[in-house]
Amino acid sequence: MDKKYLILEQWFKIYTMRKMVKYIDWDDRFSVDVRQIDRQHKHFVGLMNKLFEAMQSDKKDAVSKVIDELVTYADAHFANEEAYFYKFHYDDAEAHIAEHRKIRAEVGEFLARKDENPFELGYSLFDLLEDWLFKHIITMDKKYVSCFKEHGLH
Ligand SMILES: [Fe+2]
Ligand SMILES: [Fe+2]
């Protein structure tokens, strides 16, 4: 295909994606009412916004750096939740860990393409994580709250 056409197509794709993402405001509806977990979810939202800002700045290295930071933080957060599942013998651990595994795999696929075009990846990742984050908190994370609280985590 014509190189000029490909560049134009990519530019248009990024332009459209840029319009789709926006700054995320934390909303208390997403609170699980466990201080440590809320703090981590809020930090994650903060990193998403850092990614959004880096993409607005058009700096490739900055985008790439925040993507790494975001992925590392998500991994640590999942590991933290999972450690409590084992410690508290949480009933629904298996299904929840499978969800974490699924998102790790999806993000992994994105990361394999990071060096090709961090901007395109940044926007797709933002879109994926925003959609996933809030759905996951509401449908999965909120379910472990009573178990965590019974074991003294508030
Ligand atoms: Fe989770
Ligand atoms: Fe979580």
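**Close-up views of a predicted model**

**View 1. His43 in helix α2.** His43 counts as exposed because it has 12 C-beta neighbours inside 10 Å; by this count, with C-beta atoms placed from the backbone, exposed is 12 or fewer other C-beta atoms within 10 Å, buried is 20 or more, and partly exposed is in between. His43 is found in helix α2 (residues 35-56). Helices here are DSSP runs (H or I, at least four residues), numbered from the N terminus. The C-alpha atoms of His43 and Leu70 are 9.6 Å apart, and the two residues are 27 apart in sequence.

The model is predicted: local features need pLDDT of at least 70 and side-chain atom pairs count only at pLDDT 80 or more, while totals for chains, interfaces and linings use all residues. Residues are numbered from 1 along each chain as its sequence is written, and chains are lettered from A and ligands numbered from 1 in the order in which they are written.

**View 2. The buried residues of helix α3.** Leu70 belongs to the buried set of α3, together with Val63, Val66, Ile67 and Ala74. Among the elements covering these residues are α2 and α5. After α3 comes His89, with a positive phi near 50°.

View 3. Pro118, Gly122, Tyr123, Leu125, Phe126 and Leu129 are buried in α5. Seen down the axis of α5, the buried residues fall within an arc of 165° (taken from the directions from the helix axis to the C-beta atoms), so they line one face of the helix. Exposed Asp131, Lys135 and Thr139 sit on the face turned away from the buried side of α5.

Notes
Helices (H or I, at least four residues) and strands (E, at least two) are DSSP runs, numbered from the N terminus. Two residues are in contact if their C-beta atoms, placed from the backbone, lie within 7 Å.
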